[in-house]
Amino acid sequence: MQSQIVPNSGDYPYVTASETNNSVATYVNYDMEQIEEGNSIMIGGKTLVITYQESDYFSNDSHNLACYVKNEKGKSKEIQLFLVSALYKNLKPKYSWGDSISKKKIQKDIFFLPVTSDGEIDWNFMQNLISAESRLAIRGVIKWKDSIGNISQNDV
């Protein structure tokens, strides 16, 4: 597939196992039978880069894994981002280039998520936590931007 890719030739993200730009190398059009459905988590099989892919995309490597949440409550962007963090925290110490993750291996892996008092996955907690973290990050950027605006040209 890589040899057939023409950079910036289409509308769909071409996702690699790179840590930069949310793993999107370029945008392409390609064989639609090979497209991965968006609103999913992509795991770079050899590099263990884990990203949330909002849009449908093409993956550059058969070792990459596309993971989909089955429960409708878990399909929001915020929850997917929480899951990216949980997966990374639990899987990164376990896998390496020499012992890369695979579809078979990940099905046996266990990682922990917040649960309600009755033992069900707490989708609301994940949603609220990531939403709150996002608001705090935006507030921090605004505060930083405002402080930059107070710098005179003589200070630069």
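**Why these labels?**

Reader: Why is isoleucine 148 called partly exposed?
Author: Isoleucine 148 has 39% relative accessibility. Buried means under 20% relative accessible area, exposed means over 50%, and partly exposed is in between (1.4 Å probe, protein chains only).

A quick word on the model: it is predicted, so local features need pLDDT of at least 70 and side-chain atom pairs pLDDT 80 or more, while totals for chains, interfaces and linings use all residues. Residues are numbered from 1 along each chain as its sequence is written, and side-chain values use heavy atoms, without hydrogens and water.

Reader: What makes Val141, Trp144 and Ile148 a nonpolar surface patch?
Author: Patch members have over 30% relative accessible area and no salt bridge; nonpolar side chains (Val, Leu, Ile, Met, Phe, Trp, Tyr) are joined within 5 Å, like charges within 9 Å. Areas come from the Shrake-Rupley method with a 1.4 Å probe, and only the protein chains shown count as cover. Those three residues make a patch of about 330 Å². Isoleucine 148 sits in helix H3 (residues 123-149); helices (H or I, at least four residues) and strands (E, at least two) are DSSP runs, numbered from the N terminus.

Reader: What makes glutamate 54 and lysine 77 a salt bridge?
Author: Their closest N and O atoms are 3.8 Å apart, so the pair passes the 4 Å cut-off. Glutamate 54 lies in the loop between strand S4 (50-53) and strand S5 (58-59), with lysine 77 in helix H1, 23 residues apart. By this rule the count comes to 6 salt bridges.

Reader: Why is aspartate 11 called exposed?
Author: Its relative accessible area is 61%, so aspartate 11 is over the 50% mark. Aspartate 11 is found in the segment before strand S1 (12-15). Beyond its neighbours within four places in sequence, aspartate 11 is in contact (heavy atoms within 4.5 Å) with Tyr27, Val28 and Asn29.

Notes: A salt bridge is a side-chain nitrogen of Lys or Arg within 4 Å of a carboxyl oxygen of Asp or Glu.
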